[in-house]
Amino acid sequence: MNLRQELNKTEGFKNLGLLAKQVVEGFIAGMHKSPFHGFSSEFAEHKIYNRGESTRHIDWKLYAKTDKLYTKRYDDETNLRCHIIVDNSSSMHYPEMTNFSINNLNKIAFSALAAAALMQMLKKQRDAVGLSVYSDAYDFYAQEKGSERHHQMLLNELSETVISKPLNKETETYTYLHEIAEKIHRRSMIFLFTDMFQTTEDEVKLFEALRHLKYNKHEVILFHVFDREKEYTFNFDNTPKRFVDVETGEHINLYADTVKENYSKKVDAYFTALKLKCAQYKIKYVEANINEDFNHILTTYMVERQKFA
């Protein structure tokens, strides 16, 4: 199956698992040209050696080939617990699509495939993964497990999330992050996929919730999902258009060029403020532009995993 093959919306992301495998395989192949060269060939069997650990399980043959220290892993070993959180509010289903293709995804489809690719990486490392999906309610929660049955259940939930069509659903992300923080008792890596659409007041509450996760000693990575072409640069042709808030239903009629300059300034300032706030609270902030591939997402995982180990 070619990555460019379109997926009919009535089938949703039926082949999400297969697509995730192909994304990961392509990424690992590209690692040969990256700083991770020498790690990909032994991806499922080894982990980075950390200073202070026992040298008993160091793979000296691999050291001779890569000049890096790795320790052997075992089937019953789980080194990482990860919880993936996906915002399923109405704004995440922008832009509206009738067909999905790997190179033409809306925000929720991009998030679901990125999450599935991360799950595939975690599966290869025999790690445990959990999932939360929320909109104006806590739609789904599954605690961290590593079984194949659990993996397939999470893939199915992500597929159903992509084909759902939540109408005028706003969300209070901070509410569910507090709930999730209370549910996850063992130190974990947290990946949050959201477009960060909230009021200024909600933004304060959101960072309070993120700090709650940090307080519990989890590592938090915020993937800010957005459409750079439309939502950041406001690249629309200058014909009269009706712009509709998909979460409230409110609308405004205007020519794009009349507001583009001021819009771009405000959005740029907002993005800068988010980055600074995340840095202040030691939350990893990652721009997740749906017009790009998934390498940035998976590279972030690789780097943060080594820090977490």
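The following legends describe an overview and several close-up views of a predicted model.

**Figure 1. Overview of the chain.** The predicted model contains 9 helices and 12 strands. Of its 309 residues, 48% count as buried. Among contacts with a separation of 6 or more, 74% join residues 24 or more positions apart. The chain exposes about 15900 Å², and 49% of that area is supplied by carbon and sulfur atoms.

Figure 2. The strands follow the order 7-6-4-8-9-12, with mixed pairing. Strand 7 (138-145) and strand 12 (284-289) form the edges, each pairing on one side only. Neighbouring strands of this sheet are turned by 15° against each other on average, direction ignored. In general, the strands of a sheet pair through backbone hydrogen bonds, either parallel or antiparallel.

**Figure 3. Pairing of strand 6 with strand 7.**

Figure 4. Helix 5 (residues 173-183) lies across strand 4 (81-87), strand 6, strand 7 and strand 8 (189-194). The direction of helix 5 is at about 30° to strand 7. Helix 8 (residues 260-280) also packs on the sheet, where it touches strand 9 (219-226) and strand 12. Between the directions of helix 8 and strand 12 the angle is about 145°.

Figure 5. Helix 9 (residues 295-308) has 14 residues, which at 1.5 Å a residue should span 20 Å. The C-alpha atoms at its ends are 20 Å apart, in agreement with that expectation. The buried residues of helix 9 include Ile297, Leu298, Tyr301, Met302 and Phe308. Thr300, Glu304 and Arg305 are also among the buried residues of this helix. Together, the buried residues of helix 9 pack against helix 1 (16-30), helix 3 (107-124), strand 8, strand 9 and strand 12.

Figure 6. His212 is located in helix 6 (residues 200-215). Its relative accessibility is 17%, so His212 counts as buried, the limit being under 20%. Leaving aside neighbours within four places in sequence, His212 is in contact with His178, Ala181 and Glu182.

**Figure 7. The hairpin of strand 10 and strand 11.** Strand 10 (residues 241-244) and strand 11 (residues 251-254) run antiparallel and are joined by 4 bridges. Lys241 stands opposite Leu254 of strand 11. The two strands form a hairpin with 6 residues between them. In the turn, Gly249 has a positive phi of about 85°.

**Figure 8. Asn106 and Ile290.** Asn106 is found in the loop between strand 5 (99-100) and helix 3. With a relative accessibility of 3%, Asn106 counts as buried. Although Asn106 and Ile290 are 184 residues apart along the chain, their C-alpha atoms are separated by 6.9 Å.

**Figure 9. Two buried cysteines.** Cys82 has a relative accessibility of 0% and therefore counts as buried. Cys278 is likewise buried, with a relative accessible area of 0%. The count of disulfides in the model is 0, where a disulfide would require a pair of cysteine sulfur atoms within 2.5 Å.

Note on methods
Residues numbered from 1 in each chain as written. Predicted model: local features only at pLDDT ≥ 70, side-chain atom pairs only at ≥ 80, totals over all residues. Heavy atoms only, no water. Pairing = 2+ DSSP bridges. Axes fitted to C-alpha atoms, helices over the stretch in contact; angles between N-to-C directions. Contact = heavy atoms within 4.5 Å. Expected span 1.5 Å × (residues − 1). Buried < 20%, exposed > 50% of the residue type's maximum accessible area, 1.4 Å probe, protein only. Areas by Shrake-Rupley, 256 points an atom, 1.4 Å probe, with all protein chains shown as cover.
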